[in-house]
Amino acid sequence: MESELKDMNSNPPSSKEERPLLKSESDLAAAIEELDKKFAPYARTDLYGTMGLGPFPMTEKIKLAVAMVTLVPLRFLLSMSLLLLYYLICRLFTLFSAPYRGAEEEEEEGGVVVQEDYAHMRGWKRTVIVSCGRFLSRVLLFVFGFYWIHETRLDRDSLMDPNPKTTSVEISQKGDAATEEPERPGAIVSNHVSYLDILYHMSASFPSFVAKRSVGKLPLVGLISKCLGCVYVQREAKSPDFKGVSGTVNERVREAHRNISAPTIMLFPEGTTTNGDYLLTFKTGAFLAGTPVLPVILKYPYERFSVAWDTISGARHILFLLCQFVNHLEVIRLPVYYPSQEEKDDPKLYASNVRRLMATEGNLILSDLGLGDKRIYHATLNGLFCKS
């Protein structure tokens with residue numbers, strides 16, 4: 001590669017010699033287009049192009065330049081101030097409280113890890129932590145340009161594709177136990193588009209999330225995650241004695257279902273993010289317990305920059321997000337899904353039916369791709385750009 005660059009610098013290419021370069025660029029574009037078709041759920045279709053690398057029109061370059069010296073510094077300072085403020089609130093109201101200690105879990109490398117959180121706190125301190133968390137999460141979304149969030153709440157009569165199994169269960173419940181309160185959902189399930197999904201769900205219901213164990217040790221964010229009641233898991237577990245993600249999540253789903261004071265858990269059953277137009281195959285972790293779930297659909301309409309976190313790097317994504325003056329979020333909240341006995345006995349069927357319902361109501365395209373395919377797509381794209 002170095003020798004080729006030296007030859008090009010010593011002998012400036014003529015018009016004839018430029019043709020192979022143009023052909024190479026066209027081949028690269030064709031290869032990317034082919035990849036985008038094959039891995040459509042992860043392909044960017046906004047103005048910023050594949051991996052957010054452009055090319056950018058001159059008007060967009062001007063907008064970005066202006067935003068970088070005005071919006072970006074202001075939003076960065078405000079967002080960091082809000083993060084620090086909430087950390088101090090969490091620190092103050094957990095200062096003299098012992099964390100809830102869950103069941104001990106054996107690490108794959110040896111030793112014991114105990115799940116610790118402050119989400120099981122009772123009383124006014126917990127109320128302050130939750131209320132401030134929800135409010136400041138919404139303020140942070142406002143700082144990021146989400147000035148309005150359009151929410152639609154659907155009841156069972158308005159569903160485009162009412163599930164016959166769900167309907168039959170509801171009729172049975174009304175007939176046999178009309179005076180009883182409906183079952184509490186064991187989990188909230190949502191499609192996954194961006195890290196911004198977490199901020200919305202924090203502002204809406206302040207649930208627990210599944211996170212790597214390293215998150216609990218991060219400065220600022222670590223304490224906040226414990227106040228959320230995050231479930232810390234070792235994602236890459238190989239030991240047969242290791243409980244893993246499914247076992248830990250299953251326990252928390254059951255706890256949230258049977259105990260009204262337990263923190264609600266929020267799960268992204270796709271296991272990774274998409275570009276927002278597709279719905280991947282659901283993992284069964286949220287459905288193993290056979291408890292009702294609350295489906296929520298998130299959509300991010302855009303004109304210039306898509307906030308979907310797919311092929312673009314984290315730093316570049318945050319920069320472009322802060323540069324965009326207005327961002328949009330639409331939320332569709334479906335009614336609680338009560339599984340039939342058949343679905344309780346077959347978590348894969350349960351997951352598939354919920355996924356199909358969410359795809360229909362959210363106008364999303366079903367795809368059988370998964371995290372492994374996404375990694376292949378990213379690796380291939382990086383290889384193409386490195387060669388070009």
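In this predicted model, Leu196 is in contact with Leu141, Phe144, Phe146, Tyr300, Val307 and Leu321, when residues up to four places away in sequence are left out of the count. Leu196 also belongs, with Tyr86, Phe144, Phe146 and Tyr300, to the residues that have the most contacts inside the largest nonpolar core, a set of 53 residues. At least two residues of this core come from each of several elements, including helix H4 (71–93), helix H5 (124–143), helix H7 (196–204) and strand S9 (293–299). Helix H4 gives the most, with eight residues. Apart from this core lies another one, of 27 residues, which counts Val253, Phe282, Leu334 and Tyr350 among its members.

Helix H7 deserves a separate description. Seven of the nine residues of H7 are buried, so that the helix is mostly covered. The buried residues are Leu196, Asp197, Leu199, Tyr200, His201, Met202 and Ser203. Just after H7, Phe206 takes a positive phi of about 50°.

Met58, Ile62 and Val66 make a nonpolar surface patch of about 300 Å². Met58, which is found in helix H3 (residues 58–69), has a relative accessible area of 55% and therefore counts as exposed, the cut-off for that word being over 50%.

An unreviewed UniProt entry carries the annotation "transmembrane region" for residues 64–89 and for residues 128–149.

| Span | Helix | Strand | Distance between end C-alpha atoms |
|---|---|---|---|
| Residues 64–89 | 96% helix | 0% strand | 35 Å |
| Residues 128–149 | 73% helix | 5% strand | 24 Å |

For the protein as a whole, the model has 13 helices and eleven strands, and 46% of the 388 residues count as buried. Among contacts between residues at least 6 apart in sequence, 76% join residues at least 24 apart. The accessible surface of the protein comes to about 20500 Å², and 59% of that surface belongs to carbon and sulfur atoms.

Conventions. Residues numbered from 1 in each chain as written. Predicted model: local features only at pLDDT ≥ 70, side-chain atom pairs only at ≥ 80, totals over all residues. Heavy atoms only, no water. Patch = residues over 30% accessible without salt bridge, like charges linked within 9 Å, V, L, I, M, F, W, Y side chains within 5 Å. Areas by Shrake-Rupley, 256 points an atom, 1.4 Å probe, with all protein chains shown as cover. Salt bridge = Lys/Arg side-chain N within 4 Å of Asp/Glu carboxyl O. Helix = DSSP H or I, 4+ residues; strand = E, 2+ residues; numbered from the N terminus. Buried < 20%, exposed > 50% of the residue type's maximum accessible area, 1.4 Å probe, protein only. UniProt positions renumbered as here; feature names shortened; annotations may be inferred. Core = buried A, V, L, I, M, F, W, Y, C linked by side-chain atoms within 4.5 Å. Contact = heavy atoms within 4.5 Å.
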